[in-house]
Amino acid sequence: MQIELSPDDIETIIHDADAAAQRLRRKLCMPICEREDLGQDLLVDLLRRLPAYDPARGSIGAFANIVLRNQSSRIAMRHHRQRHAQGGSLLSLEVPLAGTREPVGDTLTEDDGLAAWHGQTCCAAAVTELHHTLQAALARLPAEDRRFCAALAHRPVTALVAEGFGSRSALYRRLADLRHVLTVHGLGPAWDDLAAA
C-alpha cells in the first residue's frame, strides 16, 4: 500500500526514531557514539513497516511509537543475548574496561590479539606464565581427567554426555571437583579464565 507522508509526518517519524534511539542507548548503557547506529536501525525498520500504517486507525506518531517500541525490544533482547554470550562484557572499542575510564581502543596496540578485546590479559609474559602454570597443573592430573579437560575445551557438556563421558550431573560434579584439584595445583582464581580447562 502506497503511503503519502506530509513533511510534518516525516519530521515526526525522524524525531520519534531519534528519541527512541536515545532511550535505548541509555537503557543498554551503550556509548554515545552508538546512538546514530541505533537510530538508523530503528528508522529503517519503521520505514519498512510503513505500508502497514492505516490512517483511519490512528496518527502516524502513534503507529511510529508502537513500531519503534517493538523494534527497540528486539534490539535490546539481541544485545542482552550477545552480551550474555560474551560473558557480560561488550565487544566495543569505545567501551572502557572494568575499573577504567579509558576506552579499550585507546589502550590496545596493533600487536594485541583478540583476547585484549575481551578484556583478557594481553601481556605476553603474563600469558606465557599462565600457559606454563596450566601445563604444570594439567600434568599432575590423572590421564582420565586430562582427557576430560581436553574434551571439555572443544565440546559442550551435552556433546560429552552423548560421547559417553557420563551423565550431565556427573560431569558437573566432576568439573566441580576438578576445580578444587586444579586450584591446589596452582591455577587458583585463574580457573574461570582458562578456556583450555
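The structure is predicted. Across the protein chain, the pLDDT averages 81, and 80% of the residues score at least 70. Confidence is highest in helix 2, residues 34-49, with a mean of 92. Confidence is lowest in helix 5, residues 114-117, with a mean of 64. Over residues 193-197 the pLDDT falls below 50. This stretch still has 10 contacts in the model beyond near neighbours in sequence. Where pLDDT is low, predicted coordinates should not be read in detail.

Now turn to the helices. Two packed helices are described by the angle between their axes and the distance between the axes.

Take helix 1 (residues 7-27) and helix 3 (residues 60-85). Their axes lie 10 Å apart, at an angle of about 30°. Angles under 35 degrees count as roughly parallel, so helix 1 is roughly parallel to helix 3. The crossing of these two helices is right-handed. Which residues of helix 1 meet helix 3? They are Asp9, Thr12, Ile13, Asp16, Ala17, Ala20 and Leu24. From helix 3 come Ile60, Gly61, Ala64, Asn65, Leu68, Ser72, Ile75 and Ala76. By class, this contact of helix 1 with helix 3 holds nine nonpolar, four polar and two charged residues.

Helix 3 also packs with helix 2. Here the angle is about 125°, and the axes are 9 Å apart. Helix 2 and helix 3 are therefore oblique to each other. Helix 2 passes helix 3 in a right-handed crossing. Helix 2 brings Leu38, Asp41, Leu42, Asp45, Leu46 and Arg49 to the contact. Helix 3 brings Phe63, Ala64, Val67, Leu68, Gln71, Ser72, Arg74 and Ile75. Eight of the residues in the contact of helix 2 with helix 3 are nonpolar, two are polar and four are charged.

How many aromatic pairs does the structure hold? There are two. A pair of aromatic rings is described by the distance of the centres and the angle of the planes. Tyr53 sits in the loop between helix 2 and helix 3, while Phe63 belongs to helix 3. The two residues are 10 apart in the chain, and the pair links distant parts of it.

Finally, look further along the chain. Helix 7 (residues 143-154) packs with helix 9 (residues 168-184) at an angle of about 110°, with the axes 12 Å apart. That angle makes helix 7 roughly perpendicular to helix 9. Glu144, Asp145, Phe148, Cys149 and Leu152 of helix 7 meet Leu171, Arg174, Leu175 and Leu178 of helix 9. The contact of helix 7 with helix 9 has six nonpolar and three charged residues, and no polar ones.

Key:
Residues are numbered from 1 along each chain as its sequence is written. This is a predicted model: local features need pLDDT of at least 70, side-chain atom pairs count only at pLDDT 80 or more; totals for chains, interfaces and linings use all residues. Side-chain values use heavy atoms; hydrogens and water are left out. Axes are lines fitted to C-alpha atoms, for helices over the stretch in contact, and angles run from 0 to 180 degrees between N-to-C directions. Helices (H or I, at least four residues) and strands (E, at least two) are DSSP runs, numbered from the N terminus. Angles under 35 degrees count as roughly parallel, over 145 as roughly antiparallel, 65 to 115 as roughly perpendicular and the rest as oblique. A crossing is left-handed if the near helix is turned anticlockwise from the far one by less than a right angle, and right-handed if clockwise. Contact means heavy atoms within 4.5 Å. Ala, Val, Leu, Ile, Met, Phe, Trp, Tyr, Cys and Pro count as nonpolar, Asp, Glu, Lys and Arg as charged, and the others, Gly among them, as polar. pLDDT is the predictor's confidence in each residue, from 0 to 100. Rings of Phe, Tyr and Trp (its six-membered ring) pair if their centres lie within 6.5 Å; planes under 30 degrees apart count as stacked, over 60 as edge-to-face and the rest as tilted.
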